[in-house]
2 protein chains.
Amino acid sequence: MRDVYVGGIGITTFTRLEYPLSEIAAYPAMMALKDAGIRDVDHLYVANMGSARVNHQTALASAVVDSLSLTPAGAAVIENGPASGASALKAGFAAVASGLHDVVLVSGAERMREVNNLEATDFVATLTHPLAEYIYGVTLPSHAAMFTRLYMEKYGLTERHLAMVAVKNQNNAMLNEFAHLHQPITIEGILDSPEAMTNNPYVAEPLRFFDACPVSDGGAAVILVSDDVAKTIDRPLIRLAGVGQATDTHAVHEREEPTDLLAVRRAAAQSFEMAGLRPEDVDVAELHDAFTILEIVESEEVGFFPKGEGHVALEKGETAIDGSLPINPSGGLKGKGHPVGATGVAQAHEIVTQLRGEAGDRQVDGPQVGFTCNFGGFGNNVVCLTFVREGR
Amino acid sequence: MRDVYVGGIGITTFTRLEYPLSEIAAYPAMMALKDAGIRDVDHLYVANMGSARVNHQTALASAVVDSLSLTPAGAAVIENGPASGASALKAGFAAVASGLHDVVLVSGAERMREVNNLEATDFVATLTHPLAEYIYGVTLPSHAAMFTRLYMEKYGLTERHLAMVAVKNQNNAMLNEFAHLHQPITIEGILDSPEAMTNNPYVAEPLRFFDACPVSDGGAAVILVSDDVAKTIDRPLIRLAGVGQATDTHAVHEREEPTDLLAVRRAAAQSFEMAGLRPEDVDVAELHDAFTILEIVESEEVGFFPKGEGHVALEKGETAIDGSLPINPSGGLKGKGHPVGATGVAQAHEIVTQLRGEAGDRQVDGPQVGFTCNFGGFGNNVVCLTFVREGR
């Protein structure tokens with residue numbers, strides 16, 4: 001298996017974007033090509049979930065490869081719910097690692113604010129089990145709320161811990177020019193003040209408005225290259241050293257222990273094993289905090305903290321930018337936004353930026369190993385990636 | 001790059017299927033596992049185009065991997081318009097060739113008869129250029145009709161040649177138990193008789209009803225395995241020896257020579273080069289005859305016949321099952337049907353069946369090399385595969 005490196009990266013602002021979806025994928029790709037200083041691409045993978053339904057467009061990869069004038073390069077879309085982005089990176093990794101291609105451009109993009117929030121919520125809910133969940137009206141917020149209730153009862157975390165994730169990530173987002181939310185929040189403002197119940201009402205108890213990520217448009221791109229090509233690129237050398245993926249039951253109620261996220265545990269273990277590293281080697285991580293609870297649970301399942309103790313580490317400030325293991329310095333999905341197909345690629349974008357030491361005001365201190373967890377469905381399809389800064 | 005073999009294959013009947021889309025993907029996968037006599041799968045790629053729009057379901061791969069009880073195997077959907085199937089085989093090829101996985105199950109499925117024909121036609125049209133084509137009402141039949149008119153003027157083929165493709169493929173489909181159309185047709189009945197204009201009206205002149213493939217539901221699966229795994233499987237040894245893919249301009253009018261299908265030419269050349277073979281080495285081929293004209297043009301662009309002479313070879317019977325280069329013995333998209341995401345995988349299914357010598361009444365005489373062309377968009381994204389029967 002050949003080594004695979006990150007040649008270049010690019011991103012759009014995550015917000016409401018009023019230009020065509022194909023351009024939301026093409027723009028960060030163009031930035032990534034410029035970043036790498038290369039022009040020849042063998043293959044393009046576009047990560048996207050909603051184009052057929054939300055944007056009335058299919059075969060998006062053909063549109064993007066043409067928009068970038070990269071024809072006759074091969075191109076295809078990878079859809080894997082909210083884990084589309086990292087799934088496309090995995091496919092790109094295999095294409096380069098095999099020797100089939102030397103340069104694979106992976107661009108994730110979503111334009112979901114073309115529909116209203118209700119339609120967007122329904123659209124995202126189509127990733128649940130069609131016969132056991134969706135037809136009964138289950139949505140992702142309701143899944144997350146039921147899970148949170150069980151977690152609170154079992155492990156003793158409270159709404160205050162959830163609010164701490166929201167405050168940390170949304171304030172990290174203040175330091176990220178590409179983030180969707182640029183609105184500083186405090187525990188006082190969203191939980192303790194008389195106005196808190198108005199400012200931050202329950203969406204699905206015990207989850208409140210500020211526990212959920214916004215609905216965002218946006219794109220992010222990462223170019224994966226072979227060793228030979230990496231040598232020609234004058235950028236810090238970042239290797240995609242570990243790729244792990246695991247699935248769990250499609251219907252959440254079929255899981256033996258509903259507070260375990262086994263697919264996260266397995267995908268992380270695979271990723272670390274391939275990289276020859278352990279969770280304690282990680283210096284910075286981007287976890288999939290579509291809901292605040294998920295950051296806490298993932299931080300346990302990937303092996304950073306013992307099960308049930310993620311909220312304790314959070315409370316101690318260990319996951320802050322200046323903590324012992326910074327999580328979601330970008331602002332995470334919560335603060336940066338969650339254009340679904342882009343998210344996994346955007347997580348990689350942040351880790352590469354951090355490992356390069358180019359994260360500006362949100363820079364973590366000298367990281368060498370970075371990690372991403374891209375969470376699909378309600379934990380039924382998870383991809384974890386490990387990145388390592390090498391020599392130069 | 002490791003060698004990649006076909007471990008097992010499976011298919012559903014192509015018709016109207018009244019069971020869930022995830023099962024349409026799972027059933028042929030189960031058959032393929034049985035065919036291979038294996039149970040462990042590392043990764044699943046599902047090829048599908050319409051689930052989000054037509055079936056109101058996303059993250060289909062998570063549903064299928066669970067339905068097959070293959071969790072915690074990784075899984076994702078590949079969407080690439082009508083070339084989704086072969087694109088998924090390409091991704092599976094890279095996963096095995098790289099050493100990332102030893103066993104990758106590729107299942108293509110579509111359930112598009114859930115909507116009516118008008119909606120299905122509109123849905124397929126969403127693969128055209130959204131700003132330069134779709135908004136003006138372009139559909140795939142209208143694209144194909146304009147192309148056919150130009151081809152007739154330039155190369156002298158007639159409606160009779162188109163009808164000959166229809167008759168050949170639909171009658172081949174009579175020999176295929178999984179084919180959608182089991183209705184024998186004659187040139188007399190669809191072209192020369194007084195009733196022909198009623199039986200076979202123009203859909204988009206010069207294309208008639210019998211020049212277009214039906215709208216089908218269906219699924220097909222192929223298991224790709226490493227050399228080591230292939231050795232443990234007691235089936236004829238078929239290697240996926242060549243994988244080629246190329247794109248062309250997304251808007252058809254931007255092509256310098258509108259009667260050339262450059263992406264077909266390039267994808268085929270790549271596939272042959274990787275396999276170390278030439279077009280004249282091919283013993284049996286499945287070409288993407290969504291419209292009859294396409295079989296003729298592809299047979300030229302992939303290098304079987306000189307440009308503009310495909311219809312001459314057809315007329316001479318060279319592409320019949322007992323001809324010198326049988327094309328679409330399965331019935332092709334025209335006779336077998338075209339469940340969009342399944343098609344590229346179904347083409348591979350037929351080629352493997354032929355190379356194994358298991359095609360029954362439609363068996364080609366002793367083929368060693370087989371070839372597929374899976375045509376996306378209106379020729380803007382094409383994947384060609386070359387299969388070789390080895391030793392045993």
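The model is a predicted one, and in it the C-alpha trace of chain A extends over about 55 × 45 × 40 Å along its principal axes. The secondary structure of chain A amounts to 15 helices and 11 strands, and 64% of its 392 residues count as buried. Of the contacts in chain A that link residues at least 6 apart in sequence, 77% join residues at least 24 apart.

Chain A is superposed on chain B by a rotation of 180° with 0.0 Å of shift along the axis, the RMSD being 0.0 Å. The two copies are therefore related as by a two-fold rotation axis. Within chain A, the C-alpha nearest this axis belongs to Ser98(A), at 1.8 Å from it. The same surface is used by both copies, in that 100% of the contact residues of chain A recur in chain B.

The contact between the chains draws on 51 residues from chain A and 51 residues from chain B. On the side of chain A that touches chain B, at least two residues each are supplied by α2 (51–54), α3 (60–67), β3 (74–79), α4 (84–98), β8 (238–247) and α11 (262–275) of chain A. By residue class, this side of chain A comprises 24 nonpolar, 22 polar and 5 charged residues.

In chain B, helix α1 (residues 21–36) was examined separately. At 1.5 Å a residue, its 16 residues should span 22 Å, and the end C-alpha atoms lie 23 Å apart, which agrees. The helix α1(B) is mostly covered, with 12 of its 16 residues buried; among them are Leu21(B), Ile24(B), Ala25(B), Tyr27(B), Pro28(B), Ala32(B), Leu33(B) and Asp35(B). An α-helix has 3.6 residues a turn, so residues three or four places apart point the same way. The cover over the buried residues of α1(B) includes the strands β1 (4–11), β2 (43–47), β4 (103–111) and β7 (217–226) of chain B, together with the helices α2 (51–54) and α3 (60–67) of chain B. Just after α1(B), Gly37(B) adopts a positive phi of about 70°.

Definitions and conventions: Residues are numbered from 1 along each chain as its sequence is written. Chains are lettered from A and ligands numbered from 1 in the order in which they are written. This is a predicted model: local features need pLDDT of at least 70, side-chain atom pairs count only at pLDDT 80 or more; totals for chains, interfaces and linings use all residues. Helices (H or I, at least four residues) and strands (E, at least two) are DSSP runs, numbered from the N terminus. The expected span of a helix is 1.5 Å times one less than its number of residues. A residue is buried if 20 or more other C-beta atoms lie within 10 Å of its own, exposed if 12 or fewer, and partly exposed in between; C-beta atoms are placed from the backbone. Two residues are in contact if their C-beta atoms, placed from the backbone, lie within 7 Å. Copies are superposed by least squares on the C-alpha atoms of residues with pLDDT of at least 70 in both. Ala, Val, Leu, Ile, Met, Phe, Trp, Tyr, Cys and Pro count as nonpolar, Asp, Glu, Lys and Arg as charged, and the others, Gly among them, as polar.
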